[in-house]
Amino acid sequence: MFFRYLDNDIKLGLTIPQYADELFELTDKNRDFLKQWLPWLDSITTPLDTKKFIDAQLLNFQQGKALHMTLFCKDRIAGVLGYNQIDTVNGIGQLGYWLAREYNGRGMMRKSVGEAVKIGFTYYAFNRIEIRCAVDNYKSRAIPESLGFQKEGIIRNAEKVYDKYLDHVVYGLLKEEQCDETKHL
């Protein structure tokens with residue numbers, strides 16, 4: 001098992017089945033908070049659903065298609081992040097994340113995404129990392145903006161989230177554009 005310690009309280013680890021119960025509990029507790037941005041919550045109704053998701057992510061990881069990480073704060077799961085899609089042909093990683101409401105505003109997701117950027121450029125040899133956020137999700141948008149990503153445009157009706165379509169802002173960061181904070185492991 002690998003962990004990347006970001007400070008005394010925050011660490012990242014590969015998401016494994018042993019986290020299923022706690023991750024489900026956090027998801028369920030934050031269901032209403034997350035539903036405004038994430039379309040998949042109705043498909044996760046039991047800890048077994050979370051375990052099946054984790055198993056699928058581990059298979060994707062094994063095949064080099066994705067990297068799903070769990071974010072811990074003081075040894076409690078606070079959220080998740082990772083490369084939902086890895087395009088090895090073009091050297092592109094598409095990064096996504098969510099954080100439980102109680103952990104918002106502490107800077108831990110920004111720090112975690114910065115670490116994921118380092119992992120992407122160093123270990124996956126990405127040339128480009130992309131983050132897509134709902135236009136109105138200002139907290140999520142603040143992360144790539146603060147890490148030197150360029151706003152590249154808006155995709156209209158990019159995702160159906162329950163009864164509405166959300167436009168997405170696309171952010172991109174090229175390897176040569178990294179800021180000092182995301183360059184060194």
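**Entry 1: helix α3**

I began with α3 and found Asp-49, Thr-50, Ile-54 and Gln-57 buried, where buried means under 20% relative accessible area, exposed over 50% and partly exposed in between, with a 1.4 Å probe and protein chains only. They sit on the same side of α3, because they cover an arc of only 135° around the axis; the arc is that of the directions from the helix axis to the C-beta atoms.

A note on what I am reading: this is a predicted model, in which local features need pLDDT of at least 70 and side-chain atom pairs count only at pLDDT 80 or more, while totals for chains, interfaces and linings use all residues. Residues are numbered from 1 along each chain as its sequence is written, and side-chain values use heavy atoms, leaving out hydrogens and water.

What do the buried residues of α3 pack against? I see α1 (20-29) and β3 (67-73) there, taking contact as heavy atoms within 4.5 Å. Helices (H or I, at least four residues) and strands (E, at least two) are DSSP runs, numbered from the N terminus. On the face turned away from the buried side I noted exposed Lys-52 and Gln-62.

I also checked the length of α3: its 16 residues (47-62) should span 22 Å at 1.5 Å a residue, and the end C-alpha atoms are 23 Å apart, which agrees. The expected span is 1.5 Å times one less than the number of residues. After α3 comes Gly-64, with a positive phi near 75°.

**Entry 2: the sheet**

Next I traced an open sheet of 8 strands, ordered β1-β2-β3-β4-β5-β6-β8-β7 with mixed pairing; two strands pair if DSSP finds at least two bridges between them. Its edge strands are β1 (3-5) and β7 (150-161), each pairing on one side only.

I then looked at β4 (residues 76-87) and β5 (residues 92-99), which pair in the antiparallel sense over 8 bridges. Ile-86 has Gly-93 in β5 as its bridge partner. Helix α1 packs on the sheet, touching β4 and β5, and its direction makes about 95° with that of β4. Axes are lines fitted to C-alpha atoms, for helices over the stretch in contact, and angles run from 0 to 180 degrees between N-to-C directions.

**Entry 3: the core**

Which residues have the most contacts inside the largest nonpolar core? I found Leu-71, Leu-81 and Val-113, in a core of 48 residues. Such a core is a set of buried Ala, Val, Leu, Ile, Met, Phe, Trp, Tyr and Cys residues joined through side-chain atoms within 4.5 Å. Helix α4 (residues 108-122) gives the most to this core, with 7 residues.
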